[in-house]
Amino acid sequence: MDTYFKRRATEKESAFLRKYGKPGYTLYTIKSSRPNTIQRVTDTYIYLRSENGSVDIRIRRSDLRQALTVLFYRRVITLKRLIKFNAFSSALGAIIKAIMIDICKVVIAKTGSARITLRGLRYVFSGLSKGKGDVQIVKDNGGRFILLNYFNIRNDSSDSWKQNLRDLGYDYKCVILDPGEKTLYDAMKRSDKFVKPIDIDEYAAFVIRHSDIIYQYFTVDKIGDPLVTKQNSEYLGRIVGRKPVPIYHIQSPLDVLQEIIDEGHDVIGIGGSALRSISYQKRKSAFDAIFERYGDSENFHALGLGSMRLLLEYPWFSADASSWLNARIFGKLTTIAGDIKTPRSLSADMALGYNVRTLASLEERYTELQTDFDMYLYSWE
């Protein structure tokens, strides 16, 4: 796993224990808000005493840091998952909630499951070719996750796309895989020749074969047909052995989204808004309805959403788009306040790096951002 996540976990743990790791400090469990009081802290353990307990609960600090690392990496963790790190998952969850309370939200689902989610928005960089150039710019400027289009790389028999990532230092699961249904649709419209459709079994086999680098994968969706999309999700979950990220299309009624939510997913993709036929106002109206109803409790990924205004207006969990490439295509720099013209002093690669840094910074948007131009520039020698 990227050392960035380990470093963030260690920093958060150390800062918390320096300030609060003293006998008598009280933590509260996630689900029942029961008090757990710190008895003492050593280099190896944190000793807690529950409200009615007669003996100390011992939490290994290395387990705590590992759980925090996973939380920074995944940005969401459940109480059920914490059992994998320590048998006293309620006590561990109480510590994590206390450590992360300033940058997270805690949700108790109707089913009783508890989930901790980091605030901020993880931006996933898409529009990457098979070559190394653009991927290197993303990596060098803090982009930690990339979205690849299965439709575009499915015929790469040498798996050069994967080797490129490894060569550039992506030595962890960094890929979010999209089946490429929209790309397929566009290709079929442009060409009068036969374009091979996406075979769901081949897609599943690809995910399994490259599970060492694929962090998440989206379901094979069909806009306007939520039943087929759901059936594809269920099928992929059985074949691959782990569930795909489900997708709700804004063209469908909210009852369809409710059904997906009731299935209990950590994150749900919101699609259908990147079509050219969908106006800005239609997108905004759909997002208003979604977040008014579910924004406090669910984690949503914006599929193909490049509008900074719409990214910042709603509490998205994550998003992907190729809009960072506008520096090359349209000569535009992406800022928190909107796009601006690229100064002549910046080369195309420098401008792309600027856009990557701007968008990557959204992941830590739980703190106040300075949006002045100089914030993102540094010496390019």
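At what angle do the axes of helix 1 and helix 2 cross? In this predicted model, where local features need pLDDT of at least 70, side-chain atom pairs count only at pLDDT 80 or more, and totals for chains, interfaces and linings use all residues, the axes cross at roughly 125° and come within 8 Å. Residues are numbered from 1 along each chain as its sequence is written, and side-chain values use heavy atoms, with hydrogens and water left out.

Helices here are DSSP runs of H or I with at least four residues, strands are runs of E with at least two, and both are numbered from the N terminus. Axes are lines fitted to C-alpha atoms, for helices over the stretch in contact, and angles run from 0 to 180 degrees between N-to-C directions. Helix 1 and helix 2 are therefore oblique to each other; angles under 35 degrees count as roughly parallel, over 145 as roughly antiparallel, 65 to 115 as roughly perpendicular and the rest as oblique. Helix 1 passes helix 2 in a right-handed crossing, a term for the near helix being turned clockwise from the far one by less than a right angle, with anticlockwise giving a left-handed crossing. In contact terms (heavy atoms within 4.5 Å), helix 1 contributes residues including Phe 5, Ala 9 and Leu 17, while helix 2 contributes Leu 64, Leu 68 and Phe 72, among others. This contact divides into 7 nonpolar, 2 polar and 6 charged residues, where Ala, Val, Leu, Ile, Met, Phe, Trp, Tyr, Cys and Pro count as nonpolar, Asp, Glu, Lys and Arg as charged, and the others, Gly among them, as polar.

Helix 2 (residues 61-74) also packs with helix 4 (residues 89-100), at an angle of about 55° and with axes 11 Å apart. That makes helix 2 oblique to helix 4, and their crossing is right-handed. Leu 64, Ala 67, Leu 68, Leu 71 and Phe 72 of helix 2 meet Leu 92, Ile 95, Ile 96, Ile 99 and Met 100 of helix 4. By class, this contact has 10 nonpolar residues, no polar and no charged ones.

The contact joins Asp 134, Ile 137 and Val 138 of helix 5 to Asp 349, Leu 352, Gly 353 and Val 356 of helix 15. It has 4 nonpolar, 1 polar and 2 charged residues.

About 100 Å³ of space lies in the largest cavity, a volume being the space filled by probe spheres set on the points, which are joined across faces, edges and corners. Among the residues lining the largest cavity are Arg 74, Arg 122, Tyr 215 and His 301. Strand 8 (122-125) and strand 11 (214-217) are the elements that give two or more residues to this lining. The lining holds 7 nonpolar, 3 polar and 2 charged residues.

Conventions:
On a 1 Å grid over the protein atoms alone, a cavity is a set of points where a 1.4 Å probe fits but cannot get out, and a pocket is an open set with protein on both sides within 12 Å along at least five of seven lines; lining residues have an atom within 4 Å of a point.
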